[in-house]
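Subject: Model for your files

Hello,

Please find the structure below. My notes follow it.

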Amino acid sequence: MMDRVKIERFPEIPYAMEEAINRLRINISFLGSNIRKIMIVSSMPNEGKSFVTMQLWHQMAQAECPVVLLDADLRKSVLADQYGLVLESGKKMKGTSHFLAGDRPIEEAILHTDLEQGDILPNTDNVVSPSMLLDNGRLQELLDYMKKNYRYVFIDAPPLNLVSDGERIGSLCDGAILVVRGGSTSVRMIKNSIRQLERAGCPLLGIVLNRVEGKKGGYYYKKYGGKYYYGSKYYRGAE
Ligand SMILES: Nc1ncnc2c1ncn2[C@@H]1O[C@H](COP(=O)(O)OP(=O)(O)O)[C@@H](O)[C@H]1O
Ligand SMILES: [Mg+2]
């Protein structure tokens, strides 16, 4: 019997945010059947890539749509720790970096979860210099497999600002959703990220304005929720 992953700390989110993620999910489903491998990316760390990816993945699976989350933040992923991902068997979980290093076949690497339609491949051991892992052909093989076997592949990417990992991953995806942290990412950084995606040949599907603070401030969205913008509307609007 296949070992499964439990998610011990999946956050409860306010209704307005759930609605925002739901709208994003529906907008994605209107993109057409060729758009399957979708990278969730941002200019800087901490803008909410992993948060948005997890929520979207979870809702998509709950809507009975076969979906897999690929954690491709090979240097600094905290996903498995933050969300409390553990194997039911109690064994040590292996993740993306192990797979890319060639330790197992794809079918064994991708893990099932409590969600019938939601599979996942977290990155459980970060690496200092993933260039070779990203260039040895295994990532492409993995993404091809995922594209064939799931309706959507959500790729939790590293930030674009520091190293070229994000661009390399983007060159293998059908499109990207750019997460922008409200009030903290500069227009220059956003433009830069858009240029990087263009260079990678990765179409920009939309921009999520995340972590917008309500009137009183505070951590969660209050009334604004996550907003989804088609194309590069927000970017133009902010110019
Ligand atoms: N919309 C949100 N509401 C509440 N907390 C959020 C939201 N987006 C991100 N966070 C929190 O902010 C922190 C950074 O988000 P994370 O998704 O890890 O960023 P990234 O993957 O871009 O580095 C995490 O603790 C995450 O739970
Ligand atoms: Mg992250």
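Predicted model: local features only at pLDDT ≥ 70, side-chain atom pairs only at ≥ 80, totals over all residues.

Residues are numbered from 1 along each chain as its sequence is written, while chains are lettered from A and ligands numbered from 1 in the order in which they are written.

Helix H1 covers residues 15–29; helices (H or I, at least four residues) and strands (E, at least two) are DSSP runs numbered from the N terminus. From first C-alpha to last, the 15 residues of H1 reach 21 Å, close to the 21 Å expected at 1.5 Å a residue (1.5 Å times one less than the number of residues). The buried residues in H1 are Ala20, Ile21, Leu24, Arg25 and Ile28. They lie on the same side of H1 because they cover an arc of only 140° around the axis, taken from the directions from the helix axis to the C-beta atoms.

In strand E7 (residues 152–156), five of five residues are buried. Tyr152, Phe154 and Asp156 are on one side, with Val153 and Ile155 on the other.

E7 pairs in the parallel sense with E2 (residues 37–42) over four bridges and with E3 (residues 67–71) over five bridges; pairing requires at least two DSSP bridges between two strands. Phe154 in E7 stands opposite Ile38 and also opposite Leu69.

Regards

Conventions: Buried ≥ 20, exposed ≤ 12 C-beta atoms within 10 Å, placed from the backbone.
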